[in-house]
Amino acid sequence: MTKNYGPEYVRAIAPYQAGKPIAEVAREFGLDEASIVKLASNENPFGVPESAVQAMTAAATDLGRYPDANGFELKAALSKRYDVPADWITLGNGSNDILEIAAHAFVERGQAIVYSQYSFAVYALATQGVGARHIVVPAQAYGHDLPAMLAAIDAETRLVFIANPNNPTGTFIPAADIQAFLDKVPANVVVVLDEAYNEFLAEENQFESAEWVKKYPNLLVSRTFSKAYGLAGLRVGFGIAQPALTDLMNRIRQPFNVNSMAQAAAIAALNDKDFLKRSAANNAAGYQQFTEAFTQLGLEFVPSYGNFVLVKVGNDPAAGSRVNLSLLKQGVIVRPVGNYGLPEWLRVSIGLPQENAVLIAALTKALAE
């Protein structure tokens, strides 16, 4: 009798590696938590908007009851914001939840999912979690090669993941390229357009992909409140798709997957345009601060359209781990990306100006060791 529990494809999953918490680094290296700078998880350095704090305070009076399982008020706010019917919206425990639900709703074991090399780690986890076949398309300049991804779709393919901007590389795909891709994808293949970092795009790169959902029945647009909206700890995301897809996702979505505080905070954050504008401005300034410093240090980096920068810190396979360890000892947390096949690189989240300065000083010291 076998001693192995569960299907083989589940046992083959390598658990997701999140950024190190501040408390863990403090314990491990004997540091004062207050002195540690975390630039590892692409969080908003401003934290939770005050509007969301006030909304959560009001919502806390009703925590003895279950949340609205259908998220009526949040869906109504999103419906108004994106000009789509409320029943085209699926709420998720972060957009990670939306990606997982999509894999379970649209793909059977043995079918295939297409995604790009160097794209978000959850795509591989979601594929493996349903026992599907991975079709990983080589990246082009660290970004998606859409013509190659289109060519890679085979008879068993049921889902394609596209991240725009991409995490962890920060690359961006222009609207025209995505629309040309959508025009050619077979109708029985669902395309998940993951736009977790959309709100950080410069105005000239902004486009409203929710409008495409009205044209393409096989398109699911995924968004999150974890990044620009500053609600990472609450875990709120959502998907927009036509009813045929949304209905299937709702059938397997966990009941009460977005809690009451998160729903209230998300509504407030969605309407807090000043916070969003301030966050985008800080991000643009921080990107300039980082890239000027990396250039002065002679470091290669990938031009980023998100709230992070992928920077190469050496030419040997141990470079990322070595520099990361030095940074941790100095009280700076960033994200090594060896698990993405990028062992010479680190992903650095854009923080407040003073946090960015701490990282630049620590990185300069680490490179000199």
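## The Lys38–Glu43 pair

In this predicted model, the side chains of Lys38 and Glu43 form a salt bridge with an N to O distance of 3.3 Å. A salt bridge is defined here as a side-chain nitrogen of Lys or Arg within 4 Å of a carboxyl oxygen of Asp or Glu. Lys38 is partly exposed at 21% relative accessibility, and Glu43 is partly exposed at 31%. Buried denotes under 20% relative accessible area, exposed over 50%, and partly exposed the range in between (1.4 Å probe, protein chains only).

## Two further pairs

Glu211 and Lys214 are joined by a salt bridge whose closest N and O atoms are 2.8 Å apart. Glu211 has a relative accessibility of 36% and is partly exposed; Lys214, at 35%, is also partly exposed.

Arg251 and Asp247 likewise meet through their side chains in a salt bridge (2.8 Å, N to O). Both residues belong to helix H10 (residues 243-252), where they are 4 residues apart, about one turn of the helix. Helices are DSSP runs of H or I with at least four residues, numbered from the N terminus. Arg251 is exposed at 61% relative accessible area, whereas Asp247 is partly exposed at 36%.

## Network and total

A network of salt bridges links Arg81, Glu195, Glu199, Glu208 and Arg223. The structure contains 14 salt bridges.

## Basis of the values

Residues are numbered from 1 along each chain as its sequence is written, and side-chain values use heavy atoms, with hydrogens and water left out. Local features need pLDDT of at least 70 and side-chain atom pairs count only at pLDDT 80 or more, while totals for chains, interfaces and linings use all residues.

Key. Helices (H or I, at least four residues) and strands (E, at least two) are DSSP runs, numbered from the N terminus.
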